[in-house]
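The points below are grouped by topic for use alongside the sequence and structure.

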Amino acid sequence: MSEAEKSFKVVLLGEGCVGKTSIVLRYIQNTFVDKHVMTQHAGFFQKNINIAGKRVGLTIWDTAGQERFHALGPIYYRGSQGAIVVYDITDADSYTKAKNWIKELKAMLGNDIVLCLIGNKCDLEKSRVITLEESEAYAASVGAKHYGTSAKLNKGVEELFLDLTKRMLTKSTAIPTISGSSNQGATTSNRQDRIPIVPENENSQEGKTCCK
Ligand SMILES: Nc1nc2c(ncn2[C@@H]2O[C@H](COP(=O)(O)OP(=O)(O)OP(=O)(O)O)[C@@H](O)[C@H]2O)c(=O)[nH]1
Ligand SMILES: [Mg+2]
């Protein structure tokens with residue numbers, strides 16, 4: 001193992017159906033599924049990359065976007081070095097939700113986390129309701145960086161993770177490598193994680209249609 005190895009935890013947040021799982025599956029497996037398979041609780045994925053001569057291990061937590069899982073957010077974003085907050089460029093509600101996640105992350109973690117705001121489904125440009133100017137200006141105003149992606153067409157996904165990793169490396173020069181998370185062997189892996197905590201008093205969003 002390289003002496004320069006670093007490990008980072010990254011969390012994906014955002015409303016249901018915006019494409020969080022699709023982004024991570026595109027990145028890890030280079031696959032895309034048209035059908036929406038709703039994430040329950042969360043799943044995690046691991047990937048090792050070489051960057052600037054360093055071997056970097058990413059643990060990527062893909063959270064469930066449905067409102068009833070919102071209260072689980074802190075379990076996944078606590079201790080994360082990077083956050084990927086996703087909205088769907090054709091869905092204004094998902095943009096509002098993304099901004100709320102960023103507010104929560106900033107309130108809970110301050111500047112300890114590298115923030116990415118992602119406008120996904122860029123292939124649906126004709127149905128865009130959130131302009132790039134608006135989202136880039138908002139991201140800049142909160143110290144985040146905006147990226148446009150299409151998990152479907154494999155646009156911007158690799159660049160997103162590469163740039164995020166570079167930003168986390170830059171920020172972490174003083175942070176020691178997380179021990180005990182051996183990423184030796186397989187380059188990627190994934191597992192669905194079932195955590196037996198379900199928030200009470202949820203405002204269930206079941207029945208809400210989200211996918212076109
Ligand atoms: N056109 C288009 N559709 C996409 C894109 N990314 C994801 N989708 C579709 O959007 C739907 C939801 O994608 P998911 O990745 O399951 O969304 P999610 O955010 O993980 O949803 P939850 O797990 O419920 O939080 C699926 O039907 C995907 O095929 C994209 O870039 N373009
Ligand atoms: Mg999902």
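This is a predicted model: local features need pLDDT of at least 70, side-chain atom pairs count only at pLDDT 80 or more; totals for chains, interfaces and linings use all residues.

**Ligand surroundings**

Around ligand 1 there are 26 residues, of which G19, T21, S22, T39 and G65 come nearest. Helix 1 gives the most to this shell, with three residues.

- By class, the shell around ligand 1 comprises nine nonpolar, 11 polar and six charged residues.

**Overall architecture**

- The protein contains five helices and seven strands.
- Read from the N terminus, its elements follow the order β-α-β-β-α-β-α-β-α-β-α-β.
- Of the contacts between residues at least 6 apart in sequence, 76% join residues at least 24 apart.

**Packing of helix 1 on helix 5**

- Helix 1 (residues 20–29) packs with helix 5 (residues 157–171) at an angle of about 85°, and their axes are 9 Å apart.
- Helix 1 is therefore roughly perpendicular to helix 5, since angles of 65 to 115 degrees count as such.
- The residues that meet are I23, R26 and Y27 in helix 1 and V157, E158 and F161 in helix 5.
- Four nonpolar residues and two charged residues form this contact of helix 1 with helix 5, with no polar residues.

**Burial and the nonpolar core**

- Buried residues account for 39% of the 212 residues in the protein.
- In soluble globular proteins, nonpolar side chains tend to be buried together.
- The largest nonpolar core has 47 residues, and A83, V85, L115 and C116 touch the most other members.
- Apart from neighbours within four places in sequence, A83 is in contact with V11, L13, Y77, L105, I113, L115 and C116.

Methods. Residues are numbered from 1 along each chain as its sequence is written. Chains are lettered from A and ligands numbered from 1 in the order in which they are written. Axes are lines fitted to C-alpha atoms, for helices over the stretch in contact, and angles run from 0 to 180 degrees between N-to-C directions. Helices (H or I, at least four residues) and strands (E, at least two) are DSSP runs, numbered from the N terminus. Angles under 35 degrees count as roughly parallel, over 145 as roughly antiparallel, 65 to 115 as roughly perpendicular and the rest as oblique. Two residues are in contact if their C-beta atoms, placed from the backbone, lie within 7 Å. Ala, Val, Leu, Ile, Met, Phe, Trp, Tyr, Cys and Pro count as nonpolar, Asp, Glu, Lys and Arg as charged, and the others, Gly among them, as polar. A residue is near a molecule or strand if its C-beta atom, placed from the backbone, lies within 6 Å of it. A nonpolar core is a set of buried Ala, Val, Leu, Ile, Met, Phe, Trp, Tyr and Cys residues joined through C-beta atoms within 7 Å. A residue is buried if 20 or more other C-beta atoms lie within 10 Å of its own, exposed if 12 or fewer, and partly exposed in between; C-beta atoms are placed from the backbone.
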